[in-house]
Amino acid sequence: MAAVSFRQVSKVFEDGTRALVDFSLDVNDGEFAVFVGPSGCGKTTALRVLAGLEEPTEGEVIIGDQVVNGWTPQRRNVAMVFQNYALYPHMTVRANLEFPLRMAKMAREEMRRRVARAADVLDLAGLLERRPAELSGGQRQRVAMGRAIVRDPRVFLMDEPLSNLDARLRTQIRADIAALQRRFGTTTIYVTHDQVEAMTLGDRVVVMNAGLVQQVDAPRRLYERPANTFVAGFVGSPGMNLFRTRLVSSTEGLSVHLGDIRFPLPPEILAERPQLAAHAGGQVLAGLRPEAFSRADEGAWRIDVGVEALEALGHETLVYFRPAWPVENPLAARLPGRPGMEKEGQLALGIDPSSFYFFELDGSAIY
Ligand code: ADP
Ligand code: MG
């Protein structure tokens, strides 16, 4: 087990693609960190740089207390589990599990012991003589995990290991992975493009975009205190609604302009966001999560909106609407149950004024 650090790592590929930009991060010994971000944001590259499959263009990679730049993957003793499990089809499960140990020329006794332990932990004991073609997707995935576990690595890297599984199995194996990580306490970096997976798995989540770290925080903090509009929009489904507005200062304090109506912001919002007062009179981006809306009779403020689309999910309904002020895209509201409304038409919504977020026009959050 070991802590892991990236120190101002950049990776520029030969064709000029910048996959990582000044990437800095410390993962603690024994921690479960999740890298999340849209496809192409540099997640796999970050893992490959750590595993020694790519050399960084700039910066240092540290495992334990040693700079490992230039070390071979074997010497780093990092195990990686990929999305396509890449099991050897002609080998039994046992042979697949033994393979990395044979490569390391491990003594037979020790090899048997490690395979037996991994098979026990992963519930594979009854499957050891089967070949991959005779396994379900979930079982194959467990063998791939087992092949990483037997090596007793200092760090586990998992690159979207569940993407090929159906939703139900994903949820189940996700719980297994979390339990396994707690049991072994091995430093783990788990990569996913799925924000739900990130929010449910990580001690800390690293949100990435375009090769840059956007925010590193506990899942709950990402939701409650996003650092910028990218994180605000990425976390949550649908993500936070964002639109341009103006903050106006008056005798009532600071107000937000929504169409023709001025709503005074409650004192607790201003207390929690001391920087906000400096934006009086200026343009800002306002953010409201879909859960900030309610039926009009429940919210403190009321707005009239034009409904554009409904998604009735049974326990809740997502309402896509245009408010009375200009927005680029329709906004989303999450209302409980089936609000019993027409597909199109007017609707009155309530807004909880304490649920407002504000961002500079460049996207950084104002707190
Ligand atoms: P992610 O895993 O987040 O989807 P990747 O790390 O695979 O993203 O890729 C980051 C960026 O680097 C993408 O733009 C991708 O096309 C590019 N990239 C990845 N590998 C190479 C390579 N070997 N040569 C050139 N560009 C690459
Ligand atoms: Mg990837």
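This is a predicted model: local features need pLDDT of at least 70, side-chain atom pairs count only at pLDDT 80 or more; totals for chains, interfaces and linings use all residues.
Which elements each supply at least two residues of the lining of the largest cavity? H5, strand E7 (155–159) and H6 do.

**View 1. The largest cavity sits among residues of H5, E7 and H6.** The structure holds 1 cavity of 30 Å³ or more. The volume of the largest cavity is about 60 Å³. Its lining consists of Met145, Ile149, Phe156, Met158, Ile177, Leu180, Gln181 and Thr188. H6 gives the largest share of this lining, with 3 residues. By class, the lining of the largest cavity has 6 nonpolar residues, 2 polar ones and no charged ones.

**View 2. Helix H5 (residues 137–149) packs with helix H6 (residues 167–184).** The two axes come within 11 Å. They cross at roughly 20 degrees. H5 therefore counts as roughly parallel to H6, since the angle is under 35 degrees. The crossing of H5 past H6 is right-handed. On the H5 side, the contact is made by Gly138, Gln141, Met145 and Ile149. On the H6 side, Leu169, Ile173, Ile177, Leu180 and Phe184 take part. Of the residues in this contact, 7 are nonpolar, 2 are polar and none is charged. Met145 and Ile149 of H5 and Ile177 and Leu180 of H6 belong to this contact, and these four residues also line the largest cavity.

**View 3. H3 packs with H5.** The axes of H3 and H5 lie 8 Å apart. The angle between them is about 30 degrees. This pair, too, is therefore roughly parallel. H3 passes H5 in a right-handed crossing. From H3, the residues in contact are Val93, Asn96, Leu97 and Pro100. From H5, they are Val143, Gly146 and Arg147. The contact of H3 with H5 divides into 4 nonpolar residues, 2 polar residues and 1 charged residue.

**View 4. The largest pocket holds about 750 Å³ of space.** How many residues line the largest pocket? The lining has 24 residues. Val78, Ala79, Met80, Pro100 and Arg151 lie nearest the pocket centre. Helix H2 (73–76), strand E6 (78–81), helix H3 (93–103) and H5 are the elements that give two or more residues to this lining. Pro100, one of the residues nearest the centre, also takes part in the contact of H3 with H5. The lining of the largest pocket is made up of 19 nonpolar, 2 polar and 3 charged residues.

**View 5. The second largest pocket has a volume of about 310 Å³.** It is lined by 16 residues. Closest to the centre of the second largest pocket are Glu224, Arg273, Ser354, Ser355 and Tyr357. Two elements give two or more residues to this lining: helix H8 (219–224) and helix H10 (267–272). Which classes make up the lining of the second largest pocket? There are 5 nonpolar, 2 polar and 9 charged residues. For the largest pocket, the corresponding counts are 19 nonpolar, 2 polar and 3 charged.

How values were computed
Residues are numbered from 1 along each chain as its sequence is written. Chains are lettered from A and ligands numbered from 1 in the order in which they are written. Side-chain values use heavy atoms; hydrogens and water are left out. Axes are lines fitted to C-alpha atoms, for helices over the stretch in contact, and angles run from 0 to 180 degrees between N-to-C directions. Helices (H or I, at least four residues) and strands (E, at least two) are DSSP runs, numbered from the N terminus. Angles under 35 degrees count as roughly parallel, over 145 as roughly antiparallel, 65 to 115 as roughly perpendicular and the rest as oblique. A crossing is left-handed if the near helix is turned anticlockwise from the far one by less than a right angle, and right-handed if clockwise. Contact means heavy atoms within 4.5 Å. Ala, Val, Leu, Ile, Met, Phe, Trp, Tyr, Cys and Pro count as nonpolar, Asp, Glu, Lys and Arg as charged, and the others, Gly among them, as polar. On a 1 Å grid over the protein atoms alone, a cavity is a set of points where a 1.4 Å probe fits but cannot get out, and a pocket is an open set with protein on both sides within 12 Å along at least five of seven lines; lining residues have an atom within 4 Å of a point. Grid points are joined across faces, edges and corners, and a volume is the space filled by probe spheres set on the points.
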